[in-house]
Structures are given as structure tokens and as C-alpha cells.
Amino acid sequence: MQLTDCHTHTCISPDSEALLTDMIRKAQDIGLFAYAVTDHVELCRWYPQGYYAALPRNEEDFFDYAARFEQAMAQNAVARELTQGMTFVSGIELGEPDADFGLAASVCEDKRLDFVIASLHELPGKLDFYFLDYAQEDVPALLREYFTELLKIAEWGKFDVLGHITYPLRYIEGDAGIPVDMAQYRDIIAEIFRAVIRQGKGIELNTSGFRQVYGKPFPDAALLRLYRELGGRILTLGSDAHRPEDVGGGIAQGAALAKSVGFDRIAVYRRHDPCYLTI
Ligand SMILES: [Zn+2]
Ligand SMILES: [Zn+2]
């Protein structure tokens, strides 16, 4: 089976210190067929800080992602040269496109991109799910709002795949140990999947959860099966590696899981077009 990792970061992302060359070396060492660099572009902080008349809320609150986007595109051009013999995918992880759908669409149209993962890391007016204190939060209401916002993004539809669906569970069920009854969200998640499918878009199976306390991918097997049953056929695999040792992490396990729920191929994007590899 040809391994693909379509979700990785480098030090252009504020939460990574990884050098591109080290990431590529690992990708080559493990013989990846396709490798995507998808650094963070948080659309809700696209402009410099002054534009928002806001102070950083914590040490990871960076602004001016417009400048980071340019750095990412310059680096992806270098990465393409350094990955001869491997399919290189020039991507970004576009966070919070719901902050400004018009601006988000113009970023997605940039000709230097093969691939855009749309992700939701924080709700309007709140911090990244990473920073929330779940003992103080109304968890069911928070998750309801997460899926409602994700549905808006799915219906907007200018991305290639929707990233790490159920991301907040990493912190809620994983780190905080608060069990969640997912049955109450099944209908809205089905609506999200239908919107993605209707527009010819896909989702990713994000395997980072395998190496976290959570222990499952985003989304898990039950939701992946639901996506498949609703007609979902476009699926990418991504480790969400922020350091070289995690490149390719959980990809074989993710592919086996995808196969177990009925997928016989996974997608890799070139110029926003899915190409398929048998698994
Ligand atoms: Zn993410
Ligand atoms: Zn990521």
C-alpha cells in the first residue's frame, strides 16, 4: 500500500518548531508516496493585530497570518523542489474560514495551492478548544455550537476537505475525561457530511488522535462509517504531525480503519482535484 500524509506542519505554524528539511527527511525515510505541507493559516487573525484592536489573549495568539501565508507558499515552493520522486502537495490548514467567508474564498483561490483543509479550532469570541476549561464550560452547548459552525463551513464549501471533524473531543473526552454522548449530534453531523458530499468535497481522517490520550482518529470509526453510508467517497489521510517523528504517524492504522468501514481508496489532491490510491 502506498502511504500518504496529507496534513503536516512546520515551524511556519506557531505551534511547531520543525524544520522543513527534517520533515522531508522523515517523509522520505518512511517512503511516503505523497506528502502535503499544510501550515496553519488562521483566518480570524489574517490581518495585523492593530486591525482587530485586540491584545494577544495568550502566548499562542499570533496575528498577521497574511504574512505567514506568504511564508508558507514560499516554503512550499522550496519543498516541491526538495521532494523530487515523491508527490508533493502544496497545502494550508485554513482555520476559522467562518470568520470571513469572502476573504477565505480568495485565499483558497491562490494558484500556489493544491489543497486546502478547512478546520475549526475555536468558536467566534472564544479561545481555541485547547485552552478551554471544560469544568467551567457547558460541554453539550459547546459541542452543539461547534457542529453548527462546522455546518456553516461545510455549506460554504470552498475548501477541499473538512479537517479533523470532532476535534474538541481530543480535549473533552481525551484530556478532561468527560464522556460525551455523540448520539445527540448524529443528525447535524449527517447534515455536515451531506453538505460536503453535495459539493464534491471531502473529509480527512486525522490520525493524530491515535497518539493522544483520546486514542481515536478524528472522526472515529462510527462517524467515518456514517460518511460512507451517506455517499462520502473522498477521504484523505493526515497525521497532523508538528514534528518529524510524527510524520506518517497512524497513517497505516487509519487506512486499515477506512478499509474496514468500506473505503477501497484514499485521495491525494493535485490542483484541488482528488486523485485516488487503492488501499
Ligand atoms: Zn487543526
Ligand atoms: Zn493541523
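This is a predicted model: local features need pLDDT of at least 70, side-chain atom pairs count only at pLDDT 80 or more; totals for chains, interfaces and linings use all residues.
1. L235 is found in strand β7.

2. Which residues does L235 contact, leaving aside its neighbours within four places in sequence? They are G202, I203, L205, A258, F263, I266 and A267. For one of these, L205, the separation along the chain is 30 residues, while the C-alpha atoms of L235 and L205 are 6.8 Å apart.

3. Strand β7 belongs to an open sheet of 7 strands with parallel pairing, and the strand order is β1-β2-β3-β4-β5-β6-β7. The edges are taken by β1 (4–5) and β7 (235–238); each has a single partner strand, so one side of each lacks a neighbour in the sheet.

4. T83 and A34 lie 49 residues apart in sequence, and their C-alpha atoms are 9.5 Å apart in space. Not counting residues up to four places away in sequence, T83 touches I24, Y35 and F88. Is T83 buried or partly exposed? T83 has 19 C-beta neighbours inside 10 Å and therefore counts as partly exposed; a buried residue needs 20 or more.

5. Further into the strand order, strand β3 (residues 87–95) pairs with β4 in the parallel sense, over 5 bridges. G91 is the residue that stands opposite F115 in β4.

6. How many residues of strand β4 (residues 115–119) are buried? The count is 5 of its 5 residues, and the strand is described as mostly covered. In a regular strand, side chains alternate between the two faces of the sheet. For β4, F115, I117 and S119 are on one side, V116 and A118 are on the other, and all are buried, which leaves both faces covered.

7. Turning to the helices, the axes of helix α5 (residues 139–156) and α7 come within 8 Å and cross at roughly 15°. That angle makes α5 roughly parallel to α7, and the crossing is left-handed. From α5 the contact uses F147, T148, L150, L151, A154 and E155; from α7 it uses I188, I189, E191, I192, A195 and V196. Sorted by class, these are 9 nonpolar, 1 polar and 2 charged residues.

8. Helix α7 (residues 186–198) also contacts helix α8 (residues 221–229): their axes come within 10 Å and cross at roughly 50°. The two helices are therefore oblique to each other, and the crossing is right-handed. I189, A190 and F193 of α7 meet L223, L226 and Y227 of α8. This contact has 6 nonpolar residues, with no polar and no charged ones.

9. I189 of α7 takes part in the contact with α5 and in the contact with α8. The α5 contact includes 2 charged residues, whereas the α8 contact has no charged residue.

Notes:
Residues are numbered from 1 along each chain as its sequence is written. Chains are lettered from A and ligands numbered from 1 in the order in which they are written. Axes are lines fitted to C-alpha atoms, for helices over the stretch in contact, and angles run from 0 to 180 degrees between N-to-C directions. Helices (H or I, at least four residues) and strands (E, at least two) are DSSP runs, numbered from the N terminus. Angles under 35 degrees count as roughly parallel, over 145 as roughly antiparallel, 65 to 115 as roughly perpendicular and the rest as oblique. A crossing is left-handed if the near helix is turned anticlockwise from the far one by less than a right angle, and right-handed if clockwise. Two residues are in contact if their C-beta atoms, placed from the backbone, lie within 7 Å. Ala, Val, Leu, Ile, Met, Phe, Trp, Tyr, Cys and Pro count as nonpolar, Asp, Glu, Lys and Arg as charged, and the others, Gly among them, as polar. Two strands pair if DSSP finds at least two bridges between them. A residue is buried if 20 or more other C-beta atoms lie within 10 Å of its own, exposed if 12 or fewer, and partly exposed in between; C-beta atoms are placed from the backbone.
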